[in-house]
Amino acid sequence: MGRVTERRRTIRIRDGVVTTRPDTLVAEEPLEIRLNGKPLAITMRTPGDDFALAAGFLVSEGVIGEGSEVQSIVYCAGATSDGVNTYNVVDVKLAPGVVVPDITLERNVYTTSSCGLCGKASLDAVRTTTRHPVADTPPVRVTPELLAALPDRLREAQRVFDRTGGLHAAALFSPEGELVDIREDVGRHNAVDKLVGRALTDGRLPLTRSILLVSGRASFELAQKAVMAGIPVLAAVSAPSSLAVDLAAESGLTLVGFLRGASMNVYAGDHRVALDTPVGRS
C-alpha cells in the first residue's frame, strides 16, 4: 500500500546558497471506487483510510445512509493485468436488499485533489437528496469565541501537515469544542469523506451534534457533504462560494467563512451562533 509521505531529492536555494537535500512530500495516488464490482468513481487521494473514504463518498452521493447497508469493503486483489494488488482499487458490496443505483457512464464521476467531483451529467445531478436532513433539536449553539479557537486545535492535530505542508484537513468537533475526529488528505473533499465514512462505520450518522471545520474554502461540494451527513455547522478558514451559501440557506446549515482569529463571517444559519450584542448595520 502506498505511504502517506514520500521522499524526493530537491535543490534548495536560500539567500543565494544552493544545496541538495531530500524533502518529505505528501503522497498522491488514484483510488478507484467500485460498487458491487462495477466502477463508480476515481479520486486522487492520499493513501490511508481508504475504506472510510469510499463509504463517505457513497454517503455524499446518496447511495447509502447507514452502516448496515454495507456488507463489505475490500481491496481488489489482482487489480492489475499481472495480478499485482496496488491497494488503489476498493470494492464496496452493499448488503442484500439494498437498492443499487443505476451505474451508467453519465453517473460515473472523476474527482481530483483540487476540484472535487467532475463529470456529472447535469447541474441538477449535483444536488443530491439527503437521507439525514439537518435536524438538530434543540439547535446546536456555538459562541464566536468557541469557533475562533477551533482552527488552532485543528492545526495542532495535523501531524502529516507538519512534515509536508501539503495537506488539507477536516475535523469534527462537539458543540463544546472537543475534537472528535480529524482526517488529512491532498483533497479537502476526501478528508471530509473520510470523516463521514468513519462515522458511518462507527454508527454515528447522522452527525446532528457536530461542527465540521475545513482548512480551506467552503465549496458547494463541501456544504453538500455536510448536509448529506446531517451536520448542522460548517466552518471554513477561507471563503465560501455563492452556491455553498445558497445550499446552506436552503437546507438550514450554518455556514461560517473566513474563520481567522477572532474574525469570521456568518453566511447562513446565524440562529446557531450565540451573539452577546445585537447585529449592527453598516
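**Close-up 1. Contacts of Leu 212 in the predicted model.** Beyond four places away in sequence, Leu 212 touches Ala 170, Ala 171, Leu 172, Val 192, Leu 195, Ala 226, Ile 231, Val 233, Leu 234 and Ala 235; contact means heavy atoms within 4.5 Å. Leu 212 and Val 92 touch the most other members of the largest nonpolar core, which has 50 residues. A nonpolar core is a set of buried Ala, Val, Leu, Ile, Met, Phe, Trp, Tyr and Cys residues joined through side-chain atoms within 4.5 Å. Buried means under 20% relative accessible area, exposed over 50% and partly exposed in between (1.4 Å probe, protein chains only).

Close-up 2. Pro 138 sits in the loop between helix H2 (123–126) and helix H3 (144–156). Pro 206 belongs to the loop between helix H5 (188–201) and strand S11 (211–214). Helices (H or I, at least four residues) and strands (E, at least two) are DSSP runs, numbered from the N terminus.

**Close-up 3. Asp 15, a non-glycine residue with positive phi.** Phi is near 55 degrees at Asp 15, in the loop between strand S1 (5–14) and strand S2 (17–26). Asp 15 counts as exposed because its relative accessibility is 83%.

**Notes.** Residues are numbered from 1 along each chain as its sequence is written, and side-chain values use heavy atoms, with hydrogens and water left out. In this predicted model, local features need pLDDT of at least 70 and side-chain atom pairs count only at pLDDT 80 or more, while totals for chains, interfaces and linings use all residues.
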